[in-house]
Amino acid sequence: MAMGARLFNYLYQFLDSMSFLIIAAVGLAIIFGMMGLINLAHGEYVMLGAYITTLTAKAGIYFPIAVLLGTIGVAIWGGLVNQLIISRLYARPLDSVVTSWGISLIMSQGILVLFGPSLQGISTPMGSFTVGGLSYSAYRVFLAFFAVALLLALWVLFKRTKFGLHSRATMQNAEIAHALGVNSNRMYLATYMLGSGLAGLCGGLYAPTMSIVPTFGNGFMVQSFVTVVVGGAEPILGSLMSSAGLGVINSVLSQLYGTLMGKIGMLVVAIVFIRVLPDGFSGLIERHRLKVRKTNES
């Protein structure tokens, strides 16, 4: 294989891995960063989005609209779960972990009862192209650009809108934000719905690329959790930096030693990283900001 084709192959694998981690983890990162909750049902929300997208696409709905319906459907489901269950556990993060795990079991078993052990999937859109004799999916390249655009859109939402201002205020100190007129319960509801909807978006986007089964979300949950832990509490910048770093490790090890070693390498690096920087990339960035601020003040 020519050097140019080999470099493109490495770049393609890196972009594919990074975009997967971004799209899979950003919903979990938002709920964790804004609410301090670990949603162990995240994988099942991804699975629900894949099922809604697949069923609507097979019914004749245009694929992008089917993905949108999957996103909205899971966001609504997340809102219902939040109002009925999660809202009673805002101040009890450990209880919310156990509860969300129970929700995940109910969802996966419910889908198994309703639709059986598998669902006929849909074909991957956009076709493929060839570089250096190797075939690549154009849809995977699209997902890489989409992941970056998604992070930019979320950055604008949280940094340049009233919703983002209120959500960040609630994250930093919910009691003071409430005293200043911010409805913290409403912000938590909106945040949980947004995180759930992004999980559904992930499921819809990756539905054409994987087998549609009740355990569909298992392949997303572990890697999402690792990405969020390495990224820290900052959902946007933390997700970008951790996805890029872990994406490099996963793509290089997968190319050299296989997919299994790529995933093992990610877990090992995540464990070492958290041992050295328990607050993740977000904590490192925040300490740098404080250091710069103190330097400027002095």
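## Salt bridges

A salt bridge is a side-chain nitrogen of Lys or Arg within 4 Å of a carboxyl oxygen of Asp or Glu. By this rule the structure has 2 salt bridges. This is a predicted model: local features need pLDDT of at least 70, side-chain atom pairs count only at pLDDT 80 or more, and totals for chains, interfaces and linings use all residues. Residues are numbered from 1 along each chain as its sequence is written, and side-chain values use heavy atoms, leaving out hydrogens and water.

## Arginine 140 and aspartate 16

Arginine 140 pairs with aspartate 16, with the closest N and O atoms 3.2 Å apart. The two lie 124 residues apart and link distant parts of the chain: arginine 140 sits in helix H5 (residues 138-160), aspartate 16 in helix H1 (residues 3-35). Helices (H or I, at least four residues) and strands (E, at least two) are DSSP runs, numbered from the N terminus.

Buried means under 20% relative accessible area, exposed over 50%, partly exposed in between (1.4 Å probe, protein chains only). Aspartate 16 is buried at 17%. Arginine 140 is partly exposed at 22%.

## Arginine 92 and aspartate 95

Arginine 92 forms a salt bridge with aspartate 95. Their closest N and O atoms are 2.7 Å apart. Arginine 92 is partly exposed, at 42%. Aspartate 95 is also partly exposed, at 33%.

## Helix H5

The buried residues of H5 include Tyr139, Leu143, Ala144 and Phe158. The buried residues of H5 pack against several elements, among them H1, strand E2 (134-137) and helix H10 (235-257); contact means heavy atoms within 4.5 Å.
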